[in-house]
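The following exercises are to be worked with the sequence and the three-dimensional structure at hand. Each task is followed by a solution in steps.

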2 protein chains.
Amino acid sequence: MRKIAVIDDFMTPAHHLKIDDIARKTGFDVSYFSNEDALRGHETEFEILYGHCAPDILKASRNLKWFCCSYAGVDPYQKEEVFPSPETLLTNSSGAYGITIAEHILMVTLMLLRRMPEFQSIVAQHRWQQTLPMRSICGSTITVLGTGDIGTNFARRARAMGAKAIWGVRRSKKAADPAFDEIYAHDEIDTLLPQTDILVLALPSTPDTRGILSKERIALLPPHAYVVNVGRGSAIDQEALMEALNAERLAGAALDVMVPEPLPADHPLWNTKNLILTPHCSGNMSLGITCDLDVDMFCEDLQNYAAGRSLAHLVNRKLGY
Amino acid sequence: MRKIAVIDDFMTPAHHLKIDDIARKTGFDVSYFSNEDALRGHETEFEILYGHCAPDILKASRNLKWFCCSYAGVDPYQKEEVFPSPETLLTNSSGAYGITIAEHILMVTLMLLRRMPEFQSIVAQHRWQQTLPMRSICGSTITVLGTGDIGTNFARRARAMGAKAIWGVRRSKKAADPAFDEIYAHDEIDTLLPQTDILVLALPSTPDTRGILSKERIALLPPHAYVVNVGRGSAIDQEALMEALNAERLAGAALDVMVPEPLPADHPLWNTKNLILTPHCSGNMSLGITCDLDVDMFCEDLQNYAAGRSLAHLVNRKLGY
């Protein structure tokens, strides 16, 4: 029987039932593994692998036809040599994380605009101070680098909160969701930055996006601007950002992704001024909705795969997303 | 000439220009005072007073016909004897604070749902931990006590973020903004609480609302519920809330208002479990939009007053809002 390996570290019994049901209908047998180590030694048995695992497990899966990555970011699998064959299909789970990461962006953006870290430190000292100048999403001009699931979910919410303008930036100037007022291409970024109040980065790590927020571009942002990154740390010249924050040439930033991860305990980023750091917790499987959508997307593509149709969540390995 | 006193502690030159312009057109002379103390000794000169001040200033303003309070909450002026005459008109600035307080509610609600205080303590120790179970506004059932400007602005935003249901509760069962799925009267609260994931209180302090979230009602909330209060501290049995939080019979709370304010440095509220405290900073004049709207509303009613029309923002002194 054709076999599927599932690394089920984020699943509930309902998710198992759903996968088992579709597998039975499409003629597959499913083996569940609680983590990647449990799978080691069995790699060659499976035609399909669903979950998140180290690249060496992929390589050892000599009979693998399709790897469905349960994460949205597939940068660990960018090198062709990690796949057992050039024909191995790669899908990702972009689409499962938009809600949770958009809520994270909104939370940290409001914390920056409303001076929440300062109020938290006032409260920690049992002091009472009511007034610090604040800003609002209402009336702000927001530039979003990356107009995929995450950028779009955030743009919709920011629009409902009264943002003045929401500009989406993507590799090519194709139409995106109507939540964006305008769509620009990567080479137009420099004209947008001086007018940007809030800059959000929700980009995959690809050759096009690495270092996209360079030292020169950071200098184009107005001093009252805030920067929020939830994509990949490699998108930002991190040294230049730390310098700008410490010198108060920017109002603040919130980074959920950084270089390297995990961040070493003595890294200067921990103590950078006006920076809200979070340990890459904006996505992951922390939210039930994310897990549900992730399993739904795998099941959808399992039906496509079994029927010989093209996969809905296929990654273009050349582009990296 | 008929005279207006303005306490201008939150105003920009543009606000002065706007007030001066309307005053000139309506036949008034405006005196600006940087705070209430500067006004003391001059109280009897003015027919109109706009700003926020201690009740004894009102009482001393023997020729006062209209007091426009620059705040939304007018509980310091609830006793008839603080007014120089039973005919003195009272307006408030409800309508100026909806945006800023709705953004505060959204921020602290997301911080509770997404375990932000715990992640902040992890980060403060330079540790790296990526996963804690989270929840989302998406799919949540939200009960909002108070369907005025603040409750409505929050309900609109929560709706855009995918809340499953938003129930508004008001004194009488009149229609409210379509952002609410259903409107209930105060006496129906007990049936809503057991199904509520997030309870938001945005109520003025009136005889009807004081103690509305009693010990018995706190016990009706499910243990996974969060409570957010931005109205007045007196709405909640604070002792019972602290007990429920410390015993983990509730998931958490965020209080921007409490009893007393300012909170004494040794008060047990500072150290209550799973509580985000803020020093009554959700409203105030911290946001430019609030100040703009506040001045606009005064100018609108100054034109009404001068023309002998009824005032748009008149407070029913019996009801207290």
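## Exercise 1: The interface

Across the interface of chain A and chain B, zero salt bridges are found. The model is a predicted one.

**Task.** Describe the contact between chain A and chain B by its residues, its area and its polar contacts.

**Solution.** 

Step 1. Count the residues. Chain A contributes 48 residues to the contact, and chain B contributes 48 residues.

Step 2. State the area. The size of an interface is often given as the accessible area lost when the parts come together. Between chain A and chain B about 4300 Å² is buried, and carbon and sulfur atoms give 68% of this area. R114(A), H126(A) and W128(A) supply 18% of the area that chain A buries against chain B, more than any other three residues.

Step 3. Count the polar contacts. Between chain A and chain B there are 19 residue pairs in polar contact, both residues being at pLDDT 80 or more.

Step 4. Identify the elements. On the side of chain A that touches chain B, two or more residues come from each of α4 (98-113), α5 (116-124), α6 (149-160) and β12 (275-277) of chain A. Of these, α4(A) gives the most, with nine residues.

## Exercise 2: Salt bridges within the chains

**Task.** Examine the salt bridges of E36(A) with R40(A), of E36(B) with R40(B) and of E118(A) with R115(A), and classify the accessibility of the residues in chain A.

**Solution.** 

Step 1. Side chains of opposite charge can pair when their charged atoms come close.

Step 2. Apply the cut-off. A nitrogen of Lys or Arg must lie within 4 Å of a carboxyl oxygen of Asp or Glu. For E36(A) and R40(A) the N to O distance is 3.5 Å. In chain B, the closest N and O atoms of E36(B) and R40(B) are likewise 3.5 Å apart. For E118(A) and R115(A) the distance is 2.9 Å, N to O.

Step 3. Classify the accessibility. E36(A) has 23% relative accessibility and therefore counts as partly exposed. R40(A), at 33%, is also partly exposed. E118(A) is partly exposed at 32%, and R115(A) is partly exposed at 21%.

Step 4. Over all chains the count comes to 32 salt bridges.

## Exercise 3: Backbone geometry

**Task.** Which peptide bonds are cis, and where do H126(A) and R115(B), which have a positive phi, lie?

**Solution.** 

Step 1. Most residues other than glycine have a negative phi, and most peptide bonds are trans.

Step 2. Find the cis bonds. A cis peptide bond joins E261(A) and P262(A), with omega about -15 degrees. The bond from E261(B) to P262(B) is cis, with omega near -10 degrees. P262(B) is in the loop between β11 (252-255) and β12 (275-277) of chain B.

Step 3. Place the residues with positive phi. H126(A) has phi near 55 degrees and lies in the loop between α5 and β6 (141-145) of chain A. R115(B) has phi near 60 degrees and lies in the loop between α4 (98-113) and α5 of chain B.

Technical notes: Residues are numbered from 1 along each chain as its sequence is written. Chains are lettered from A and ligands numbered from 1 in the order in which they are written. This is a predicted model: local features need pLDDT of at least 70, side-chain atom pairs count only at pLDDT 80 or more; totals for chains, interfaces and linings use all residues. Side-chain values use heavy atoms; hydrogens and water are left out. Contact means heavy atoms within 4.5 Å. Buried area is the accessible area (1.4 Å probe) that two parts lose on being put together, summed over both. A salt bridge is a side-chain nitrogen of Lys or Arg within 4 Å of a carboxyl oxygen of Asp or Glu. A polar contact is a pair of N or O atoms within 3.5 Å; within protein, one must be able to donate a hydrogen and the other to accept it, and residues adjacent in sequence count only if both atoms are side-chain atoms. Helices (H or I, at least four residues) and strands (E, at least two) are DSSP runs, numbered from the N terminus. Buried means under 20% relative accessible area, exposed over 50%, partly exposed in between (1.4 Å probe, protein chains only).
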